[in-house]
Amino acid sequence: MRGYLLRRLPSALLVLIAASFVIFAILRLVPGDPATTLAGPDADAATVAAIRDRLGLDAPLLSQYVHWIGSLLTGDLGPSYAIGGRTADLIGDGLGATAELTAAALLFVIVLGTAFGVLGATSRSRWVRTAVRVTTTAALAVPPFVSGVLLVLLFAVVLGVLPPGGRVAFLSAPDLAAQYLVLPALCLALPSAAVLGRYLKDGIERGLAEDYIRTATAAGIAPRRLLWRHTLPNALPPVVTLLGMQVGNLLGGAVLVEAIFAWPGLGQLAEQGLQRRDYPVVQDLLLLLVAVFVLVQLLTDLVYAWLDPRIRWE
Amino acid sequence: MTELYPLTPPGPSRRSTLRAAGGSTLLLGLGLAGCRSAVSDASSAPKGASAAPKRGGVLNLAVNADFAPALLFAQSGQSLQHRLIYNTLTRYDDRLSPKPELATSWTYAKDGRSITLRLRDDVTFHNGRTFTADDVIFAVKNLQNPVRAAQLRSTAAAVTGFEKRGDHELVLKLAHPVNNLFDLFEFMIITDSETVEDAVTGKKLIGTGPFKLKKWSPGSGLSLTRNDTYWQPGRPYLDGVEVRVIPQADALISSLRSGQSQLSFDVPGKSLGVVKGDPHLAIKNYDTGAGAVYLGVNTTVAPLNDRTVRQALAWAIDRDRLLAQTLGGYGLASAAPWPKSSPAFTEAHRTHYTHNPGKARQLLKSAGHTRLELPLLHLALPGDTAIAESIQYDLKQVGVHVTLQPTDGATAQKKLISQGMPALWTMGHGFAQVQPSTLAVSAYPFNEAKNTSKYRSAEYTKVVQEAWTEPETNAAAANALHEKISSILLDEAFLIDLVVRGQVQVTADRVHGVALNKFSYLNLDNAYLV
């Protein structure tokens, strides 16, 4: 296994190095730079030049690149050019907020998806099954930027029971933080919960038609035990695979939901960084995302290799 | 009742479903009852509130963009918090007459080449240090530094000498008279010199203002707490201010309507209809406006190098429709840059160009054109796109076919500063709300020496310089020069003003005593919640 890992590492590093070149170059190719952003629309050329000099933007590109890679290797990402604060702090805070939102949404996906699947497949009431079908169809059809606004209108403006946006750090006030989290997490979770619920419903329905269920029923096993101990576990594997794929969707969707609910996560940070041409923030953020992707690929390869020894010897 | 499977009805029964639902509701209810409500927590008011000013409570201010510490000394869209943390030397009243703040009185020399300032002696910074004349000297020198990107740098640079007379009296010596020195004093925040580098990274913001910075959370906003040693006795009334960043317009409005926020200046004009219908929210429109929307013209691109063609464009645009459709009617349709509060404002200048497509076509014809094709750059934001489309429609009616070039902010700014704009562009400008000469010396699109339109004229340069260096005491002469500047701007039409944007404040009915200075610094010294 160690040999396999060593063989895979160089290509992963190569991808990271290539990505760093591309990210660095693309940002410089886009017109506008942090100096013009900081100088403002009414600035003169001397002001822009002074700011460029202070930020080191008039140094040769190679030198700027080396400086950036050096900051990554030493772990000191330096200050943000245009947003303010330390780049590492900005990315760390954003990452924490996005992870919190995604985790809460995942919880909603599991709870709601299971409820949709079980009720849709097993309820004896036609009305309940129809309600589940309509709800999942609506959750799939309505995009988050619409459902988000509707949720805010209902729960924040009309009922006034939940805040319409913003974030309170979980560790500082968990009770308040949970209330700020409910609406964005629900908005983010709804489409994925609907997908999960539909897959689960199909799985349960197929399971219930199996011979062993008939036998178990004849043997007098209680219906509830039949569902939760025998049918549901057999319907779960494909759903779990799907859930894994939905995590990616949730992370992507979080960017949009963050804007609707003023959630200060990575999506907002990336948008702000790009708007202000904050090179350190955008570069480090993009490279971090590439690194996460490379790491996931590497782990996947390792799991495959662990499962199938032939791959290790290829 | 329908049987799904003849052999097994394993689904939850109605009883168990109801039991589960009831249990969940009970748990949720108990959970919520046992903890604080985020909604009431966000809209706290002082206990025993009445209509009279009362101390206490935290005001939540909703903004659409985060505080940008790097722009602390520049005029930017994120200047609201400046007057909460810092003070300025003076403040203008509604007639641009300066009133004391940290400077208690002032005397101009007869030749206009120096001014003596007497300063308060009872002011301390948030870190306990005493405010002295040295802090004013530092503030002026700080703005002279190009890296601070202060738009009033040219005025700060006119201060060439300092003479301290004790700790609380100071003479500023000027290279030449300037008539916008009090614009500088209104704009220039007094910061603690020892921590200024920490201020521009957002680490420490130490001022003498009514509130101290508790925390800045990038992307979320600022938490400010009351400065108990503020120099104004009994002020501020509020215990604190929470500045919340809500970039999305609908979310910002929801925040106001739900009571989570009680004050905002960032509700788009088109959305104010929703706010108007809410009995708990009040709208106030400031006469100073929030900058102007203009159509920029590159005077080196044929046929726009012909003044007649530029004037035709100015006649072609329906400013009233643009104001109504893109800004919700909040603002002032105007051919001149000045808001109503400006000493240079006249109704004749405002209506110098009205919507007259016939006249526009006639002027184009007289210049030898019946059909033109030109590019128009605009910011790729919803509001700016709507403005560009409105201009495109109007120009098409007179035979000028415009191709829109949506561009992001940083790119547009680079083109603006580097004179790289195409034939036409539309953006916004500030600085018309203060002394008129400031516009021509500090706003790049109007700069007589170098501007985006590449317009140069000896007459314009002469008038601008005269207006800027006219001693502030000679109001009649200054007004005559402002009149000349307006005339040149209107006749030459290298920058065609369209609409002065409304500076619109939305407050919950519980909020009183909110004020703005001329650079949109929020003043909450006298604000209170009821």
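Modeller: What follows takes the terms in turn and sets each value against its cut-off, bearing in mind that this is a predicted model.

Biologist: What makes Thr37(A) buried or exposed?

Modeller: The relative accessible area of Thr37(A) is 16%, and buried means under 20%, so Thr37(A) is called buried. Thr37(A) lies in helix H2 of chain A, residues 34-39, and touches residues of both chains, among them Gln275(A), Arg276(A), Leu71(B) and Gln413(B).

Biologist: How far from the side chain of Thr37(A) does the backbone oxygen of Arg276(A) lie?

Modeller: The distance from that backbone oxygen to a polar atom of the Thr37(A) side chain is 3.4 Å, to be set against a limit of 3.5 Å for a polar contact.

Biologist: How many salt bridges are counted between chain B and chain A, and which side chains meet?

Modeller: The count between the two chains is one salt bridge, in which the side chains of Arg277(A) and Asp408(B) meet at 2.6 Å, N to O.

Biologist: How much area is buried between chain B and chain A, and how many residues does the contact take from each?

Modeller: The buried area is about 5,300 Å², of which carbon and sulfur atoms give 59%, and the contact takes 66 residues from chain A and 63 residues from chain B.

Biologist: Why is strand E15 of chain B described as largely enclosed by the rest of the structure?

Modeller: Strand E15(B) covers residues 372-379, and six of its eight residues are buried, so the strand is largely enclosed.

Biologist: How do you know which strands E15(B) pairs with?

Modeller: Two strands pair if there are at least two bridges between them. Eight bridges join E15(B) to strand E16(B), residues 400-407, and the two run parallel; Glu373(B) has His401(B) as its bridge partner in E16(B), and Leu374(B) stands opposite Val402(B). Three bridges join E15(B) to strand E17(B), residues 424-429, again in the parallel sense, with Thr426(B) in E17(B) as the bridge partner of His378(B). Together with helix H14(B), residues 382-397, the strands E15(B) and E16(B) make a right-handed β-α-β unit.

Biologist: What makes the pair of Asp525(B) and Arg83(B) a salt bridge, and which parts does the pair tie together?

Modeller: Their side chains meet at 2.8 Å, N to O, and the limit is 4 Å, so the pair counts as a salt bridge. Asp525(B) lies in the loop between strands E22 and E23 of chain B and Arg83(B) in helix H3 of chain B, so the pair ties together parts that are 442 residues apart in sequence. Both residues are buried, and both belong to a network of salt bridges that links Arg83(B), Arg91(B), Glu101(B) and Asp525(B).

Biologist: How do you know that Glu194(B) and Arg129(B) form a salt bridge, and is each of them buried, partly exposed or exposed?

Modeller: The closest N and O atoms of Glu194(B) and Arg129(B) are 3.8 Å apart, to be set against the limit of 4 Å. Glu194(B), with a relative accessible area of 60%, is exposed, since the cut-off for that word is over 50%. Arg129(B), with 21%, is partly exposed.

Biologist: What is the closest N and O distance between Glu163(B) and Lys173(B), and why is each called partly exposed?

Modeller: The closest N and O atoms are 3.3 Å apart, and the two residues form a salt bridge. Glu163(B) lies in strand E6(B) and Lys173(B) in strand E7(B), so the pair ties together parts that are 10 residues apart in sequence. Partly exposed is the range between the cut-offs for buried and exposed, and Glu163(B) at 29% and Lys173(B) at 38% are each called partly exposed.

Methods:
Residues are numbered from 1 along each chain as its sequence is written. Chains are lettered from A and ligands numbered from 1 in the order in which they are written. This is a predicted model: local features need pLDDT of at least 70, side-chain atom pairs count only at pLDDT 80 or more; totals for chains, interfaces and linings use all residues. Side-chain values use heavy atoms; hydrogens and water are left out. Helices (H or I, at least four residues) and strands (E, at least two) are DSSP runs, numbered from the N terminus. Buried means under 20% relative accessible area, exposed over 50%, partly exposed in between (1.4 Å probe, protein chains only). A polar contact is a pair of N or O atoms within 3.5 Å; within protein, one must be able to donate a hydrogen and the other to accept it, and residues adjacent in sequence count only if both atoms are side-chain atoms. Contact means heavy atoms within 4.5 Å. A crossover is right-handed if, with the strands pointing away from the viewer, the path from the first strand over the helix to the second runs clockwise. Buried area is the accessible area (1.4 Å probe) that two parts lose on being put together, summed over both. Lists of a residue's contacts leave out its neighbours within four places in sequence.
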